[in-house]
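Welcome! Please take a look at the sequence and structure below, then try the exercises that follow.

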Amino acid sequence: MSYSIIGSGNVGTALARQFARSGIAVGIANTRGPDSIATLTAELGDKVTAMTLQNALKADVVILAVPFRAHQAIAGAATDWAGKIVIDAMNAYGVTPEELKGLASSDVVASAFPGAKVVKTLNQLPAKLLAMNPAENGGRRVMFVSGNDEAASASIAKLVEALGFASITLGKINEGGALLGMSGPLILQNLIKQK
């Protein structure tokens, strides 16, 4: 399975650090080209490769670590998404309910990537915390996973575990996955309310 991260901002960089720390090969790309992330990839070693956007989109698993509204341009940069898994690691901060048309943000993302299996995860921690080793004080930080395709969700839960997090699968997007569109404190408040 090949992996790529689209976006080299705080979240994309944090994820690249986790892949490097875990010894899992990943490509990273942005719209400015590989030269703009050469310093980062040199720092992280041979497991993280700077790529063109077009080459990064060829990966089996594409991780979206871009501002929410940028996902449409990424979707339009490839002609065929069939068989791919797209990880929605974005948060819809500042996006109005009208823009989402009553849908979960990941359902909006899924509509832009026809044929892809969209899984929501890697979006619950602030970038600084996301970049840190998930194992701390004898435990591991939790990462929630949700998607409408059970096999894709299971595959990404294994990746989350390989990155060092404890994965918790919340079911389909319209079920427990709706919590992942909220910020961290709201997720915890809603989980507590549901118990």
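## Salt bridges and a helix

At 15% relative accessibility, Arg 141 counts as buried (buried means under 20% relative accessible area, exposed over 50%, partly exposed in between, with a 1.4 Å probe and protein chains only). This is a predicted model, where local features need pLDDT of at least 70, side-chain atom pairs count only at pLDDT 80 or more, and totals for chains, interfaces and linings use all residues. Residues are numbered from 1 along each chain as its sequence is written, and side-chain values use heavy atoms, leaving out hydrogens and water.

**Exercise 1.** Find what the side chains of Glu 136 and Arg 141 meet in.

*Solution.* Step one: the two side chains form a salt bridge, 2.5 Å from N to O (a side-chain nitrogen of Lys or Arg within 4 Å of a carboxyl oxygen of Asp or Glu). Step two: Glu 136 is partly exposed, with a relative accessible area of 39%.

**Exercise 2.** Are Asp 88 and Lys 120 buried or exposed?

*Solution.* Step one: both residues are buried. Step two: their side chains meet in a salt bridge of 3.1 Å, N to O. Step three: the pair links distant parts of the chain, 32 residues apart, with Asp 88 in strand S5 and Lys 120 in strand S6 (strands are DSSP runs of E, at least two residues; helices are runs of H or I, at least four; both are numbered from the N terminus).

**Exercise 3.** Work out which residues of H8 are buried.

*Solution.* Step one: Ala 152, Ser 153, Ile 156, Ala 157, Leu 159 and Val 160 are buried. Step two: seen down the axis of H8, these fall within an arc of 160 degrees, so they line one face of the helix (the arc is that of the directions from the helix axis to the C-beta atoms). Step three: the face turned away from that buried side carries the exposed residues Glu 150, Ala 151 and Lys 158.
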